[in-house]
Amino acid sequence: QKIPKDARSPAQAGRSGLQKYGQLANKARSLISIRTALPIWTHQTEIQRHLQEKDILLLVGETGSGKSTQVPQFLVNESWCRPQKVRIKTKGNTENVTVGGCIAITEPRRVAAISLARRVATEMGTPLGSASPASQVGYSVRFDNSTSPNTRIKFLTEGMLLQEMLRDPWLRQYSAVIVDEVHERGVNVDLVAGFVRNMVAGNKEGRGGIPLKVVIMSATADMNRLKDFYEDGFPSNTTKSSDSDPAVNRTYEESDREGDEDGYESPWSGLSSDNEDASAGGQLGEAPGGSTYSAGHVATCFIEGRQYPVVAIYTPEPVRDFVDASLRTIFQIHYGEPMPGDILVFLTGQDDIEALEKLIEEYAAGMGSEVPMHVQQRVFQPSPHPNMRKVILATNIAETSVTVSGVRYVVDCGKAKIKQFRTRLGLDSLLVKPISKSSALQRRGRAGRESTGKCYHLYTESEYSKLEPSSTPEILRCDVTHAVLTMKARGVDDIMSFPFLDSPPRESLEKALLQLFSLGALTESGSISHLGRQMAKLPLTPALARVLLTAAAPETDCLLEVIDIISCLSVENVFINLVNEDKKEEADVARKELLRREGDHLTLLNTVQKYSSENTDRRKWAEQHFVSHRAMQAVMDVRKQLLAQCHHQKLIPPPSELNTPSNTSPERATVILKCFLTAFANNTARLFPDGSYKTVIGNQTVAIHPASGLFGRKLEAIMYHEYVFTNRSYARGVSAVQMDWIEEALAR
Ligand code: ADP
């Protein structure tokens, strides 16, 4: 690979630009030796050759072997990766279109997409994203897009790639799509995996015949299954010529233009469910692209891992409080282990991370130690002193997708928050559940990346032996409403014929169709409605998208308020959890000021209104009101993006011309809550004479979460944003509603 070059030559860059250019290039040069030492480096030519010969490559290699950072760089200068001008027939005329030139890499999480983009930009010696038009590496995640006209390598979350497919169903922008971390098996990666299977194996008219190269990357996946899955996508009849193929003579109707949605045609529509026959081993498939294939369309490549031995330590007795046990273990390692090395702790979510962070600070303050400030990106910096240890508190995000160097000790709480569909309630809830054996091994493996290590599992060996071998793919255990809307909006008419890596149960697909119908996203015949298309364009769950669109209607006209509330709901924990009892009273007083009697939705709105009002010193205000400034910054970001998106969909004037309301009357509060009920009527519970709440659908007991402003209140009925189950069932994000509002919403 060549030494990185800036897109502009130093001569064009000007004096300060020249300096910057030099710094970037120097930094990139200094990383070459690290890169060439990665296990993947020796496979560079092999990977390039595979993709010269075939359109699809499966690549398996352990975390840290260099897949995510190096593979895009191996491919970006290949000749097939250049943009190509092609002529494509659209309705009646022929159009010149550019296809390819850019590589997409999908990641399951925003943090990974952003940090990988930053790393690859540094390695290539190019500025990142929108920072400069010369930047060749960018990222696109929900509510944050940082790319330039020269972007050649783009890291995106899976959801964003699916979103791009609405505008560009043939992914014409890209020469290759790299699907990273397939083993995680979230719903979106399964959808991406299915869509790209169709694109490599199906017809390529919409791309003017230019193939899309696909790399499927995984740290642990069962390679044979993936190989079969992709081979089966290709028709088994290999000797078709393009002249006799009806698919090729069909004129591709360009239809992704605004306002021409009814004639929507996607790559999907080109492929019939003959596919299924092929996968059953039949000979029925037609070669849609008309190419002649030799046996085997899928190349494979294994990267050997680099792993030092790790000693696994289990507890002698089951652990009851893993936060407390983690605290003890951290200090036991710090004082007891002779070897230097940082500590990576696996917890379940923001709540226990923040709780443990506070405990560590308090404990360390008592010991007279200094604890550095908590900053997310700081995990990548080395510990400043040999007698110091960095402690990284993480969720399962650090299992495979983020590499943190310097770690020699791992503390594994054995649990993770897992989204699960609860059939009786008809909705997803986050449950804290034991992890799988495969996750436990991944966590343990993190201790042995750079030297021998130790892993403290906070459970007994016998508990370990009872763990499930691997985690169930999300699509089998979660609500698939969003997935089904995603497919419908991309032209998949017959959901049942979509190539799922694992097909969700028929009932759950049917339930999703029903739910989408009740949200107005589908017509009675099951095709997508105008409202459904609008919903699919919004980076929100179908339910929240529906609420937003209801709020935009002239008769309700409360879109700005609803955007503020939705922005808060998409950020975890706006209010700071107090571990310290002394401050509780002060916090209660401060928070009372923000509370609205209508409930948490209006309290959140109130908080945004006060925080964002012109004369507020935001940081100070947040501190005084025990509101997380960091979370509120994220809220403001989401809000900005949603406003821009709504403007783009012509729902509101440009954000600069908006007068954001600063005080919401009780009458308007009712209108707002009724908007939420158009999509959340299923998330309601009524009060029973014994003082408990039971869900209106399913009759399950549910309690108002202690973090809710309505905690302890007895109200006729409540509507809640989510349902969590820890030691009991809790409703979170709760507002007071009336039974007749619920009935009205359910009757619609
Ligand atoms: P894989 O995809 O196989 O897990 P990566 O390409 O993500 O491997 O990482 C390879 C190496 O690159 C890591 O071991 C680490 O040294 C380095 N690296 C990756 N991301 C970053 C980052 N954001 N900051 C610093 N180093 C990084």
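# Exercises on a predicted protein model

Of the 748 residues of the protein chain, 44% count as buried.

## Exercise 1. The chain as a whole

Task: State how many helices and strands the protein chain has, and state what share of its contacts with a separation of 6 or more joins residues 24 or more positions apart.

Solution. 
Step 1. The protein chain contains 26 helices and 22 strands.
Step 2. Among contacts with a separation of 6 or more, 72% are between residues 24 or more positions apart.

## Exercise 2. The nonpolar cores

Task: Identify the residues of the largest nonpolar core that touch the most other members, and then describe the surroundings of V562.

Solution. 
Step 1. The largest nonpolar core has 148 residues, of which I103, L548 and V562 touch the most other members.
Step 2. The helix that gives the most to this core is α6 (residues 187-201), with 10 residues.
Step 3. When residues up to four places away in sequence are not counted, V562 touches V547, L548, A551, I672 and C675.
Step 4. Another core, of 25 residues, lies apart from it; V310, F346, L347 and V410 are among its members.
Step 5. As general background, nonpolar side chains in soluble globular proteins tend to be buried together.

## Exercise 3. An enclosed helix

Task: Determine how many residues of helix α16 (residues 481-489) are buried, and name the helices against which they pack.

Solution. 
Step 1. In α16, 9 of the 9 residues are buried, so this helix is largely enclosed by the rest of the structure.
Step 2. These buried residues are T481, H482, A483, V484, L485, T486, M487, K488 and A489.
Step 3. They pack against α5 (158-167), α6, α15 (474-477), α17 (506-518), α18 (530-537) and α19 (542-552).
Step 4. Just after α16 comes G491, which takes a positive phi of about 90 degrees.

## Exercise 4. Helices α2 and α3

Task: Describe the packing of α2 and α3, and then examine E46.

Solution. 
Step 1. Helix α2 and helix α3 (residues 67-75) pack at an angle of about 55 degrees, and their axes are 10 Å apart. This makes α2 oblique to α3.
Step 2. The crossing in which α2 passes α3 is right-handed.
Step 3. Residues Q44, I47, Q48 and L51 of α2 meet V71, F74 and L75 of α3. The contact has 5 nonpolar, 2 polar and no charged residues.
Step 4. E46 also belongs to α2 (residues 44-53). E46 counts as partly exposed because it has 14 C-beta neighbours inside 10 Å.
Step 5. Although E46 and C301 are 255 residues apart along the chain, their C-alpha atoms are separated by 8.2 Å.

## Exercise 5. Buried or exposed?

Task: Decide whether E181, N699 and A112 count as buried or exposed.

Solution. 
Step 1. The cut-offs within 10 Å are 20 or more other C-beta atoms for a buried residue and 12 or fewer for an exposed one.
Step 2. E181 lies in the loop between β8 (174-179) and α6. With 26 C-beta neighbours inside 10 Å, E181 counts as buried. Although E181 is not a glycine, its phi is positive, at about 60 degrees.
Step 3. N699 lies in the loop between β19 (693-695) and β20 (701-704). With 12 C-beta neighbours inside 10 Å, N699 counts as exposed. N699, not a glycine either, has a positive phi of about 55 degrees.
Step 4. A112 is placed in helix α4 (residues 110-124). With 23 C-beta neighbours inside 10 Å, A112 counts as buried. The C-alpha atoms of A112 and F155 are separated by 8.8 Å, and the two residues are 43 residues apart along the chain.

Technical notes: Residues numbered from 1 in each chain as written. Predicted model: local features only at pLDDT ≥ 70, side-chain atom pairs only at ≥ 80, totals over all residues. Core = buried A, V, L, I, M, F, W, Y, C linked by C-beta atoms within 7 Å. Helix = DSSP H or I, 4+ residues; strand = E, 2+ residues; numbered from the N terminus. Contact = placed C-beta atoms within 7 Å. Axes fitted to C-alpha atoms, helices over the stretch in contact; angles between N-to-C directions. Parallel < 35°, antiparallel > 145°, perpendicular 65-115°, else oblique. Left-handed = near helix turned anticlockwise from the far one by under 90°. Nonpolar A, V, L, I, M, F, W, Y, C, P; charged D, E, K, R; others polar.
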